[in-house]
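Morning, everyone. I have one structure to go through, and I will keep it brief.

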Amino acid sequence: MEDVNFIERQVVLLQPVEREIKKAISYRQNHEYNESNKLLLELVRQHPDHAITNYQCAWSYDILGEESLAVPYYKKAISLGLPEKELQGAYLGLGSTYRTLGLYGLSKETFCNGISNFPHNKALQTFYAMTLYNLNEHNKAMDLLLNCLVKTTSDPEIKLYQKAIEFYSDKLDQVWK
């Protein structure tokens, strides 16, 4: 019975945190980025081991163009454990942030980890292709992008040529005589 009471007390304590996170997200949605960031920083200070608060704080720094400040919050959020949707977003955010900072090796590693956990996430694959481009892995980037395109598009003209696009996606330098 004691364990149940402890869990109930923890849930009650977290409810104000969840309300404040929603408030910070509302600020962000209303383009009040500084207010959102300030609130999230205070929440992280009060609850440093709350994964979603760390994730939202990282996101707020990205929106402010402060990518280097976002990195530790993304890393901590991932290490603390996030629900699946947020974890996918954190991998995408961290990988993309590393890419914008020119840390292409870390970006590639982050995207590879994210894709291995979420192989069907086309957004992760698309952002990973940008990193591959930065690493001069152009063929691999194009292959990935073309395959993402044909698997996600509803455009009838592209769908008409889906098999050809898939076939050529990894043969862009090949010449037939």
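Predicted model: local features only at pLDDT ≥ 70, side-chain atom pairs only at ≥ 80, totals over all residues.

Start with overall dimensions. Along the principal axes, the C-alpha atoms fill a box of roughly 75 × 35 × 30 Å. Of the 177 residues, 33% are buried. As for contacts, take those between residues at least 6 apart in sequence: 41% of them join residues at least 24 apart.

Helix 3 covers residues 51-63 and helix 4 covers residues 67-80. Their axes come within 8 Å and cross at roughly 160 degrees. An angle over 145 degrees counts as roughly antiparallel, so helix 3 is roughly antiparallel to helix 4. What is the handedness of the crossing where helix 3 passes helix 4? The crossing is left-handed.

Which residues meet there? On the helix 3 side they are A51, N54, Y55, C57, A58, W59, Y61 and D62. On the helix 4 side they are E67, L69, A70, Y73, Y74, K76, A77 and L80. By type, the residues of this contact divide into twelve nonpolar, one polar and three charged.

The second pair is helix 5, residues 84-100, with helix 6, residues 104-117. Here the axes are 7 Å apart, and the helices pack at an angle of about 160 degrees. That angle makes helix 5 roughly antiparallel to helix 6. The crossing of helix 5 and helix 6 is left-handed.

For the contact itself, helix 5 contributes Y91, L92, L94, G95, S96, Y98 and R99. They meet Y104, L106, S107, T110, F111, N113, G114 and N117 in helix 6. The residues of this contact divide into seven nonpolar, seven polar and one charged.

To put the two contacts side by side: helix 3 with helix 4 has twelve nonpolar residues and one polar, while helix 5 with helix 6 has seven of each. For charged residues, the counts are three for helix 3 with helix 4 and one for helix 5 with helix 6.

That is what I have on this one.

Methods. Residues numbered from 1 in each chain as written. Heavy atoms only, no water. Axes fitted to C-alpha atoms, helices over the stretch in contact; angles between N-to-C directions. Helix = DSSP H or I, 4+ residues; strand = E, 2+ residues; numbered from the N terminus. Parallel < 35°, antiparallel > 145°, perpendicular 65-115°, else oblique. Left-handed = near helix turned anticlockwise from the far one by under 90°. Contact = heavy atoms within 4.5 Å. Nonpolar A, V, L, I, M, F, W, Y, C, P; charged D, E, K, R; others polar. Buried < 20%, exposed > 50% of the residue type's maximum accessible area, 1.4 Å probe, protein only.
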